[in-house]
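Subject: Structure handover

Dear colleague,

The structure is below, with notes on what was found in it. Please read them alongside the coordinates.

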Amino acid sequence: MDYIRFGNTGMTVSRLCLGTMTYGTPTERWPWALNEEQSRPFIKKSLELGINFFDTADVYTAGASEQVVGKALRDFAKRDEVVIATKVFNAMGPGPNDKGLSRKHIMSAIDASLQRLGTDYVDLYQIHRWDYNTPIEETLEALHDVVKAGKARYIGASSMYSWQFAQALYTADLHGWTRFVSMQPHYNLIYREEEREMIPLCQDQKIAVIPWSPLARGLLTGKRSKERNETERAKTDAFGKMLYNEPTDFDVVNRLTEIAAEKGIPNAQVALAWMFHKTGVTSPIIGASKPGHLEDAVAALAVKLTDDDMKRLEELYKPHPVLGFS
C-alpha cells in the first residue's frame with residue numbers, strides 16, 4: 001500500500017479509501033446492501049491490505065453502515081491506526097430539522113454518528129451536499145464548534161459548484177473558523193467535468209481530493225454494454241441511472257477495455273491507475289462487494305500508464321452536464 005499526505009494537513013492516508021455505502025442492512029432504498037456478516041470480511045481484508053481510510057455517511061443504509069463499520073474497526077484495528085470519515089446533510093428522519101446543514105441538525109447529527117460508530121471522534125466530518133436553505137456562515141461556525149469540541153479532527157466537503165467551495169473557504173478564513181481540508185467530487189474516466197474548475201481550485205488551495213465513484217458505478221469494469229446496462233444494483237439505482245446515461249460513455253469504456261486487454265489486466269485496474277496518474281488526486285473511494293474487488297484496486301497502484309495510454313483513455317471524452325450535485 002502507498003500512503004499520501006491528506007491535503008495540507010499532517011495526516012497520512014492510504015492511496016485507496018474504502019467506501020462503505022454497500023455495508024449495513026438492506027432496506028427498500030438499499031436492497032443490494034450487504035448485511036453485517038457479509039460486510040465484515042471486506043473491512044478486515046482492507047486493513048490487511050494496508051487501507052487505513054474508511055468513508056461512510058449517516059444516511060447510508062439508514063445509519064446501519066456507520067454501526068457495521070464502527071464495530072468492525074473496533075474489532076479489527078486500533079482506533080488511532082484508522083482514519084474514519086462520515087457525512088451529514090441528508091434526511092435521517094421525517095421532521096423538518098432532520099436534514100440539512102443547520103446548527104441544530106449538525107449538532108444532533110454528529111452525536112448520532114459518533115454513537116453509531118462507537119467512537120469519541122471522527123477524523124473527517126464532511127458535508128454531503130450544499131444546503132441552499134442555510135447560510136454558509138451558520139454551517140461553518142457549527143462545524144468549527146464540532147472540531148473545537150473534539151468530535152472531529154478535520155472537516156471536508158462533497159459535490160458542489162466551485163464558486164460555492166471557494167466561498168466556504170473564504171468565509172472560514174474571514175472568521176478564523178476551521179477550514180475544509182478535503183473535497184469529495186464525482187470524478188472518473190466517464191465524468192471529468194471537475195477537471196475544469198474544482199480540481200484546479202483544490203490544487204491551488206492544497207485541498208485533498210477523494211473522488212467518489214471512480215469506477216462509475218461499475219460501468220468502467222466493462223461488464224455492462226449499451227444493450228445490457230443493468231446489474232442487480234443498477235436496476236434499483238435511480239441515482240446511478242441519472243449519472244451515466246450518455247451514449248458516448250460506452251465509447252470510453254470500450255477504449256478502456258482495449259487498453260486493459262493489451263496489458264492483460266482487468267478494466268478496473270486501468271481505470272484506477274488512470275486516476276492515480278492524475279495530478280491532484282489523493283485517494284479515490286472504492287467500493288468492494290465481491291471477491292477480487294479489493295485486490296484489483298490495490299494492484300492498480302503498481303500499474304504504469306504511458307503518455308500514449310493516457311491520451312488514448314482521454315481522447316474520446318465528451319463534455320457532460322453537471323451531474324451528482326443533488
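**Packing around H4 and H5**

H4 and H5 pack with their axes 10 Å apart and at an angle of about 60°. Axes here are lines fitted to C-alpha atoms, for helices over the stretch in contact, and angles run from 0 to 180 degrees between N-to-C directions. H4 is therefore oblique to H5 (angles under 35 degrees count as roughly parallel, over 145 as roughly antiparallel, 65 to 115 as roughly perpendicular and the rest as oblique). On the H4 side the contact (heavy atoms within 4.5 Å) uses Ile136, Glu137 and Leu140, and on the H5 side Gln167, Ala168, Thr171, Ala172 and His175. These residues divide into 4 nonpolar, 3 polar and 1 charged (Ala, Val, Leu, Ile, Met, Phe, Trp, Tyr, Cys and Pro are nonpolar; Asp, Glu, Lys and Arg are charged; the others, Gly among them, are polar).

This is a predicted model: local features need pLDDT of at least 70, side-chain atom pairs count only at pLDDT 80 or more, and totals for chains, interfaces and linings use all residues. Residues are numbered from 1 along each chain as its sequence is written, and side-chain values use heavy atoms, with hydrogens and water left out. Helices (H or I, at least four residues) and strands (E, at least two) are DSSP runs numbered from the N terminus.

Just after H5, Gly176 has a positive phi of about 75°.

H3 (residues 103–117) also packs on H4, at about 30° with the axes 9 Å apart, which makes H3 roughly parallel to H4. This crossing is right-handed.

Gly150 lies in the loop between H4 and S7 and is partly exposed, with a relative accessible area of 30%. Leaving out residues up to four places away in sequence, Gly150 touches Asp120 and Tyr121.

Regards

Key:
Buried < 20%, exposed > 50% of the residue type's maximum accessible area, 1.4 Å probe, protein only. Left-handed = near helix turned anticlockwise from the far one by under 90°.
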